[in-house]
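This report is for a reader who is new to the structure shown below. Please look over the sequence and the model before reading on.

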Amino acid sequence: MDLSYLKNLSRDQITDLAEKGDVYAQLELVDKFRAEVLMMQALSGKFNFDPDTLAGKMVSDYLYWLHRACEHDISETREAQFELGEIYYFGRHMQKQDRYIAACLFDQSARQGYAPAQVQYARCVLDGDAERNNDIDLQGSGWRQALRESVAFRLFQLAAEQNDTMGLIYMGACYADGIGVNADMEKAKEWFIKAARNGSKEAKLILKKDFGIYL
């Protein structure tokens, strides 16, 4: 997609396009406001701002355009969906924590093939965050937990197939602990080795501690 048409436009012109629903203009504004928020955080040493301050207004604008961009469920917005999911997951940038909404955003991004979102959505599934009524005690519902584990395993697998380091680590953990698959320490070792060769210090520590392998 040729986005050169945005390069010579003023912020007001980009904003006008964004208000009319141009997703690329919306993403351009997300990038601009994110950079400004990060700069304000670096200069102030703060990570949360009063909504009535200039910094707070920047955060509000950043979140507004991030939400608007995420309304477009296309491959170009998968990273934005993941970014907003992380904000809801951790309760960042004045946004109230809501892990169910985070899970929904990770799911959207994961369906577009974004490996980090596939990993995060899998974690949400395992933790019950992908279910609105996750406060219901499901520990005794073996079939529900088995379904969660099966879905999570497949998501980790999709991420690992893209050589995503966290996906590789979680595949190793699934085989080591029998999550969504029969436990198999040899296969677990193979996945941890792949992750270690990707540069994962965590995988190297697991190999050293549990398998006596030094990479």
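The model is predicted, so local features need pLDDT of at least 70 and side-chain atom pairs count only at pLDDT 80 or more, while totals for chains, interfaces and linings use all residues. Residues are numbered from 1 along each chain as its sequence is written, and side-chain values use heavy atoms, with hydrogens and water left out.

**Overall build**

The protein has 10 helices and zero strands. Helices (H or I, at least four residues) and strands (E, at least two) are DSSP runs, numbered from the N terminus. Read from that end, the order of elements is α-α-α-α-α-α-α-α-α-α. Along the principal axes, the C-alpha atoms fill a box of roughly 60 × 40 × 35 Å.

Of the 215 residues in the protein, 40% are buried. Here buried means under 20% relative accessible area, exposed means over 50%, and partly exposed lies in between (1.4 Å probe, protein chains only). Contact means heavy atoms within 4.5 Å. Among contacts with a separation of 6 or more, 48% join residues 24 or more positions apart.

Two packed helices are described by the angle between their axes and the distance between the axes. The axes are lines fitted to C-alpha atoms, for helices over the stretch in contact, and angles run from 0 to 180 degrees between N-to-C directions.

How do the axes of α7 and α8 cross? The axes of helix α7 (residues 142-161) and α8 come within 8 Å, and the crossing angle is roughly 140°. The two helices are therefore oblique to each other. Under the rule used, angles under 35 degrees count as roughly parallel, over 145 as roughly antiparallel, 65 to 115 as roughly perpendicular and the rest as oblique. The crossing of α7 and α8 is left-handed, a term for a near helix turned anticlockwise from the far one by less than a right angle, with right-handed used if clockwise.

On the α7 side, the contact involves Phe153, Phe156, Gln157, Ala159 and Ala160, which meet Gly167, Leu168, Tyr170, Met171, Cys174 and Tyr175 in α8. By class, this contact of α7 with α8 has nine nonpolar, two polar and no charged residues. Ala, Val, Leu, Ile, Met, Phe, Trp, Tyr, Cys and Pro count as nonpolar, Asp, Glu, Lys and Arg as charged, and the others, Gly among them, as polar.

The axes of α8 and α9 come within 7 Å and cross at roughly 165°. That angle makes α8 roughly antiparallel to α9. The crossing of α8 and α9 is also left-handed. Residues of α8 in this contact include Leu168, Met171 and Tyr175, and those of α9 include Met185, Trp191 and Phe192. By class, the contact of α8 with α9 has 11 nonpolar, two polar and two charged residues.

**Salt bridges**

A salt bridge is a side-chain nitrogen of Lys or Arg within 4 Å of a carboxyl oxygen of Asp or Glu. By this rule the count comes to 15 salt bridges.

| Pair | N to O distance |
|---|---|
| Glu36 and Arg11 | 2.8 Å |
| Arg148 and Glu131 | 3.0 Å |
| Lys209 and Asp210 | 3.5 Å |

Glu36 in helix α2 (residues 23-44) and Arg11 in helix α1 (residues 11-19) are 25 residues apart, and their pair links distant parts of the chain. Glu36 is partly exposed, at 23% relative accessible area, and Arg11 is partly exposed at 31%.

Arg148 in helix α7 and Glu131 in the loop between α6 (115-127) and α7 are 17 residues apart. Arg148 is buried, with a relative accessible area of 9%.

Lys209 counts as exposed at 70% relative accessibility, and Asp210 is partly exposed at 47%. Elsewhere, Glu19, Arg68 and Glu71 are linked in a network of salt bridges.

**Two single residues**

Is Ala183 buried or exposed? At 56% relative accessibility, Ala183 counts as exposed. Ala183 is found in the loop between α8 (165-177) and α9 (185-197). Leaving aside neighbours within four places in sequence, Ala183 is in contact with Tyr175, Ala176 and Gly178.

Asp177 is found in helix α8 and counts as exposed at 57% relative accessibility. Asp177 and Val119 are 58 residues apart in sequence and 17 Å apart in space, C-alpha to C-alpha.
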